[in-house]
Amino acid sequence: MASGDDEDQSQLKGFVIITLPPPDNPSLGKTITAFTIPNPNPNPNSPPQPPSQPPIHSSLRHGRIRTLIAHPRRRRISWTLSGIALFAILTVCFTQSPINRFKLATSEPNSNEFDQDGNDDDDDRRSNSFVFPLLPKLGSRERSKTRDMEVKLGKFSMLGSKGAAAVLPVDDGGLPGGKVKWVSTVENSALLPVNEDDLRDGLYYTQINVGSPPRPYFLDIDTGSDLTWIQCDAPCTSCAKGAHPYYKPESGNILSSKDSFCFDVQRTTKGGYCDSCHQCDYEIEYADHSSSLGVLSKDNLRLVDVNGTSVDSKVIIGCAYDQQGILLNSLTTTDGILGLSRAKVSLPSQLAKQGIIDNIIGHCLTSDSTSGGYMFLGGDYVPQTKMAWVPMLNDASMNYLAEVARVTYGSKQLSLDRQKKGNGRMVFDSGSSYTYFSRQAYSDLTNMLKDIPRDGFIQDASDTTLPICWRYKSPIRSIKDVSKFFKPLTLQFGRKWWTISTNLHIPPEGYLVKSNKGNVCLGILDGSDLLEGSHILLGDISMRGSLIVYDNLKQRVGWMRSECVDLKPSNKQLPSF
């Protein structure tokens, strides 16, 4: 019976090989080779068969059959192409299989806590996306007759210039807690809403939760600063009132001087690394001559979405107990600085190293100076179309830099004085209130604006809001009332003959400010004292009405016009806020 089953089974009679033409000569067409296999055990009961023939080799090319001459070189090419085709098919099948798609798309719905040292296994973890709101900020103009011209660009400086460093006491007590109103969490990104101070000082801030249990703090968003720090009770030597009680980390969270982060921070300072210190002290100097002194700690950061899903991570932040300069004015309504630069110690870099986000940052500021916007960390909210991109320049300062080829006011070109080192470069700095031009470009612009009085404007020296203010025929209600009398600024990037130029257009609303007197003031200042006077610095005032993206993965900076109201991650629905 078994032998009968074997006889019923069909046997292999032959096989066919289909060979694609070589890539460099597709006109040869494909080759179909057929092979027949003789039956070694014929059925004795079957009718007599003709004598067996040797295997038949034939080739079908463009519908014709001809004898195939198996040339060794052709055979090698055929096998190579067949192998490549087979590899491609297997790769597509693997990546598109339902199992792998499920692995890439799913995530744990509950709270995730990442390795405190950032050394967790990347294969077992995916990056997330978070949305953070930016909240309105009361301006310092209520306490001052002049407008504060804050320029952050915070970098570490020589330690010890302010006397002995504070040693933090042990403290296990808690401060009043709070819950951050996060907007959304999606894969690979974090998004925060942004708001600006009501007196249009051009400063934007958001809220983060730090500590165990997490407590809320308002921090100025600053793409020009490295370290994230919060005013701290160490005790505090010189601090402003702030929006919340001072941050007070536990003694076990104070970073040791032996930590690798401490070495990376202190080796770039004038004082160098302190091997004999028990804690990691730092000092930051800002471009507006403000400063902050403190000690590094490693504490819990909680990111929460609108559905309550949370991700906890241990991050390095500064416990700042001594602030000096006009920085104190800003800290009356906020608690510190959110460092977003390219430096290793910046918050995005730390989160990206732990695999929590992709190292992409974006912020969108509405053109209405009384409104805010949003900020995101990660790549899910980067538009796939309409973005203008330019290469990001590498620089030891870790600022976001791009090369500027030309600047025009209307149709008139401003001089960039390229003979000086660094001219033709622009820094994107969300921590600066206003935009700064190099000396020659600023001089050219102010000379061009001398034609303004012909349209009914008179320069008002009594208005000290900004260096140059004009009084119109009657007090203005908004910049839109007089924007028609001014021309747009255009910054052109890319100057090689084979490179297509990319332009950043700044309308009059992006460089003019309304003063309390109802005058219109120039929000572009002389940057001769910033970055050796060789860079253009793009501040908040010129970023309004635009989405700015800093893509550290592809080393590029991009922008597009936006009113910051239509935020839709790819294939995801974002709740309104």
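Select C469. This residue is buried, at a relative accessible area of 1%; buried means under 20% relative accessible area, with a 1.4 Å probe and protein chains only. Its partner is C521, joined to C469 by a disulfide with 2.1 Å from S to S. The cut-off for a disulfide is a pair of cysteine sulfur atoms within 2.5 Å. C521 is buried too, with a relative accessible area of 0%. Now check the torsion: about 105° around the S-S bond of C469 and C521, so this disulfide is right-handed. Show the strands next. C469 sits in β25 (residues 469-471) and C521 in β29 (residues 520-522), so the pair ties together parts 52 residues apart in sequence. Strands (E, at least two residues) and helices (H or I, at least four) are DSSP runs, numbered from the N terminus.

The model is predicted: local features need pLDDT of at least 70, side-chain atom pairs count only at pLDDT 80 or more, and totals for chains, interfaces and linings use all residues. Residues are numbered from 1 along each chain as its sequence is written, and side-chain values use heavy atoms, leaving out hydrogens and water.

Move to C262 and C280. Their disulfide spans 2.2 Å from S to S. C262 is in helix α4, while C280 is in the loop between α4 and β13 (281-285), 18 residues apart. The S-S torsion of C262 and C280 is about 100°, so the link is right-handed.

Finish at C232 and C319. Their sulfur atoms are 1.8 Å apart in a disulfide. Here the S-S angle is -75°, and the link of C232 and C319 is left-handed. Both C232 and C319 are buried.

How many disulfides are there by this rule? The count is 5.

Key:
Buried < 20%, exposed > 50% of the residue type's maximum accessible area, 1.4 Å probe, protein only.
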